Amino acid sequence: FFADLSMYMPTITHRQTRPTPPLITLQRLGDRLMPRSTMAIVIALSASGLASLLTGKWLFERATAEPSRASEPASTTPNDDETYRRPPVGALPAAPVPAPPPVGALPNSHMPAQPPAPSSQPVPAPTLTAVPRSGACHCDRPESILWRGALPRLSPILIEQNLSTTHSGHPHLELELGVVNNSNQDINDLTMNLQFYEEERGPKPKRVAKKSRALYFEGPLRPGHAIKWAVDGRGTSFEVDNPYHETLALDAADAAPAEAFEELLSTANHRPIRLHGAMMLAALGLTQPARKGALALREALREEEAPYLDRLVSATGPIAVCQLAASESGTTRDVQACVQNNGSAPKSDVTLRVRALDRLFDHRNPIAPPPIVISEETSRLPQPLPPGAGTFFSFHLDTSNPDNLTPETFEVLVVDNDD
């Protein structure tokens with residue numbers, strides 16, 4: 001193109017053009033084509049016709065608009081902001097640690113089963129009548145759902161978790177995870193696997209594995225000592241694979257020394273670790289240091305810790321409850337427990353709270369949501385408890401509830417178990 005422009009072009013001679021005729025204006029067009037009166041009539045008729053067309057169109061649309069709007073169905077498309085309020089809380093694993101055994105069974109209740117109460121009406125909670133049973137009993141250590149069953153050699157404990165969506169719009173968990181060596185042996189070359197999961201929504205929601213993290217500590221991890229990791233990954237929940245399947249007996253034979261748990265209770269930087277130290281002391285029957293630590297923690301009580309601390313304080317007071325057993329079926333359950341006065345003076349006005357729960361408390365996660373209380377009733381013991389003696393008491397607990405939940409375990413707490 002530039003080469004063509006650079007070529008020599010001869011001079012072009014323009015021919016003489018004819019003069020341009022003058023433009024015809026609207027005034028002249030009207031003067032030449034039609035009279036002014038005729039022009040006015042045409043404009044008036046055109047305006048009238050246009051107004052008629054517009055009026056007819058407006059009336060037709062108004063007549064047909066109302067029926068279509070009334071017959072239009074409401075939208076059923078879910079709103080993502082409404083259906084995804086909060087991701088599920090991360091869970092510590094249950095698979096590596098054997099499930100605790102159920103509460104000791106009693107013969108089925110002799111009372112007839114009562115039909116569940118309708119969901120629209122609250123379940124009545126009358127005061128129970130404690131019935132003393134013949135024969136004395138003794139509590140070597142108090143019982144609680146916090147340590148019922150076998151304790152693991154290694155306890156993973158969730159210290160803190162935070163959920164964010166700043167990573168490319170995906171849910172992301174940031175965790176502080178600790179572990180405590182409950183045994184009397186050192187642990188070396190500790191390797192644990194942390195698996196993150198994400199809930200995928202849809203017609204059939206499912207839990208999908210997203211990210212796996214390997215946690216390692218060269219060791220040694222001393223008896224009664226704890227370490228922690230800070231780890232993160234994509235997901236809304238998690239599980240920890242505990243490589244140590246061994247469990248400890250509650251007779252202090254293979255557990256870490258009490259001094260180690262007392263040090264853990266007093267010096268650990270994180271409250272969930274200190275709660276675990278108090279729980280281990282109480283489980284081993286060392287109620288005085290456990291109670292002292294629990295009361296100190298309750299002075300700065302946090303809402304999520306209240307169910308855990310309340311159970312610790314109840315189990316470590318002068319009134320101990322042990323040898324809990326319950327009937328296995330029926331709406332009304334027979335619950336039996338040994339109640340012992342460990343004080344030096346007779347104890348009167350002892351009040352107990354009997355509960356039916358949907359599951360055991362997970363001691364590996366002190367700040368996890370507590371078990372659901374299916375039914376709860378209180379009872380005042382009909383007689384004083386002499387010092388150093390225990391007596392069996394039985395209760396008839398109505399477990400009917402609006403949601404038709406079946407109890408998985410029971411607990412008996414001492415109300416106002418003060419020194």
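This is a predicted model: local features need pLDDT of at least 70, side-chain atom pairs count only at pLDDT 80 or more; totals for chains, interfaces and linings use all residues.
A residue counts as buried when its relative accessible area is under 20%.

**Helix 5 against helix 6**

- Helix 5 covers residues 258-267 and helix 6 covers residues 271-283, and their axes lie 8 Å apart at an angle of about 150 degrees.
- That angle makes helix 5 roughly antiparallel to helix 6, since anything over 145 degrees gets that label.
- As for handedness, the two helices cross in a left-handed way.
- On the helix 5 side, the contact is made by Ala258, Phe261, Glu262, Leu264 and Leu265.
- Facing them from helix 6 are Ile273, Arg274, Gly277, Ala278, Met280 and Leu281.
- Sort the residues of this contact by type and you get eight nonpolar, one polar and two charged.

- Side chains of opposite charge can pair when their charged atoms come close.
- In this model the count comes to 11 salt bridges.

**Glutamate 305 and arginine 271**

- Glutamate 305 sits in the loop between helix 7 (287-298) and helix 8 (306-315), while arginine 271 belongs to helix 6, so the bridge ties together parts that are 34 residues apart in sequence.

**Glutamate 200 and lysine 210**

- Here the closest N and O atoms of the salt bridge are 3.6 Å apart.
- Glutamate 200 is in strand 6 (residues 190-200) and lysine 210 is in strand 7 (residues 206-217), so this pair links parts 10 residues apart in sequence.
- Glutamate 200 is partly exposed, with a relative accessible area of 31%, and lysine 210 is partly exposed with a value of 31% too.

- The side chains of arginine 355 and glutamate 376 form a salt bridge at 2.6 Å, N to O.
- Arginine 355 comes from strand 13 (residues 351-357) and glutamate 376 from strand 14 (residues 373-380), so the bridge connects parts 21 residues apart in sequence.
- Arginine 355 is buried, at a relative accessible area of 14%, whereas glutamate 376 is partly exposed at 32%.

Notes
Residues are numbered from 1 along each chain as its sequence is written. Side-chain values use heavy atoms; hydrogens and water are left out. Axes are lines fitted to C-alpha atoms, for helices over the stretch in contact, and angles run from 0 to 180 degrees between N-to-C directions. Helices (H or I, at least four residues) and strands (E, at least two) are DSSP runs, numbered from the N terminus. Angles under 35 degrees count as roughly parallel, over 145 as roughly antiparallel, 65 to 115 as roughly perpendicular and the rest as oblique. A crossing is left-handed if the near helix is turned anticlockwise from the far one by less than a right angle, and right-handed if clockwise. Contact means heavy atoms within 4.5 Å. Ala, Val, Leu, Ile, Met, Phe, Trp, Tyr, Cys and Pro count as nonpolar, Asp, Glu, Lys and Arg as charged, and the others, Gly among them, as polar. A salt bridge is a side-chain nitrogen of Lys or Arg within 4 Å of a carboxyl oxygen of Asp or Glu. Buried means under 20% relative accessible area, exposed over 50%, partly exposed in between (1.4 Å probe, protein chains only).
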